[in-house]
Amino acid sequence: SLSTDTDGILGVDALGGSRIVVDFSRNRIEIRKAHHDTRMDGLTRIRARCRFRRLLMVDASVGRVPVKAVIDTGSEYTLANQALRVRLGLPARAIESTRTEVVGQTLVRQHGERRSAPVIRFGSVQVLEPLVIFGDFYIFDLWELQTQPALVIGMDLIGTLDRFVVDDQRRDLHVRPGRSR
């Protein structure tokens, strides 16, 4: 059984040449060989770039600000760097935010601030008033994304889709927007 409160689905190490189909509307996950599959009817294709061998990145926007967005099914929440916060004109501290801790793969605790953000768009996906955790997270340094507006799109946003497909071989995402927040 699959739920939208899933902490993560599958690490990139398991993707090698596969197509992962996550159907949230039917609570199903399928892993197929990518070379046997053809185009996905009814889904929007989003071209992704691969950085650091396995990191899928897409072009997105938050409000009117273009961002680099890393698709991370292993992340429970969507994270944003400080460069994005500054470009959006958001103050360093917000009255209506919640301080929170983010625990990464290395189990190091980092502090962030959960707050409402403008609409996030990537491909045909539009998430209105998403809650995003803004912070000075090490992962943005590691991925060389600390100086430009960037997001890590986590399962909180991915889980709003009806269908989500990662085609590792073609470096594509296929999505069908679903329930809105």
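What follows is a short chat about a predicted model of one protein chain.

Visitor: What does the chain average in pLDDT?
Guide: This is a predicted model. The chain averages a pLDDT of 80. At least 70 is reached by 76% of the residues.

Visitor: Which elements have the lowest and the highest mean pLDDT?
Guide: Strand 8, residues 98–103, has the lowest mean, 66. Helix 1, residues 82–87, has the highest, 95.

Visitor: And where is the pLDDT below 50?
Guide: Residues 6–10 fall below 50. That stretch still has 16 contacts in the model beyond near neighbours in sequence.

Visitor: Switching to the inside. Which residues touch the most other members of the largest nonpolar core?
Guide: L84, L151 and F164 do. That core holds 33 residues.

Visitor: What is L84 in contact with, leaving aside neighbours within four places in sequence?
Guide: V62, V65, V67, F134, P149, A150 and L151. There is also a second, separate core of eleven residues. Among them are L55, M57, L79 and F137.

Visitor: New topic. How do strand 1 and strand 2 pair?
Guide: In the antiparallel sense, over six bridges. Strand 1 covers residues 18–23 and strand 2 residues 28–33. S18 has K33 in strand 2 as its bridge partner.

Visitor: What sits between the strands of that hairpin?
Guide: Four residues. N27 takes a positive phi there, near 55°.

Visitor: How many salt bridges does a search of the whole structure find?
Guide: Eight. One joins the side chains of R26 and D23, at 3.4 Å from N to O.

Visitor: Are those two buried or exposed?
Guide: One of each. R26 counts as exposed because its relative accessibility is 60%, over the 50% cut-off. D23 has 5%, under 20%, so D23 is buried.

Visitor: What else does D23 form a salt bridge with?
Guide: R163, with the closest N and O atoms 3.8 Å apart. D23 lies in strand 1 and R163 in strand 14, residues 163–167, so the pair ties together parts 140 residues apart in sequence. Both D23 and R163 are buried.

Visitor: And what about E30, which residue does that pair with in a salt bridge?
Guide: R28, with the closest N and O atoms 2.8 Å apart. E30 counts as partly exposed, at 22% relative accessibility. R28 is partly exposed too, with a relative accessible area of 45%.

Visitor: Which residues do shared partners join into one network?
Guide: D23, R26 and R163, through their salt bridges.

Terms used: Residues numbered from 1 in each chain as written. Heavy atoms only, no water. Core = buried A, V, L, I, M, F, W, Y, C linked by side-chain atoms within 4.5 Å. Buried < 20%, exposed > 50% of the residue type's maximum accessible area, 1.4 Å probe, protein only. Contact = heavy atoms within 4.5 Å. Pairing = 2+ DSSP bridges. pLDDT = per-residue confidence, 0-100. Salt bridge = Lys/Arg side-chain N within 4 Å of Asp/Glu carboxyl O.
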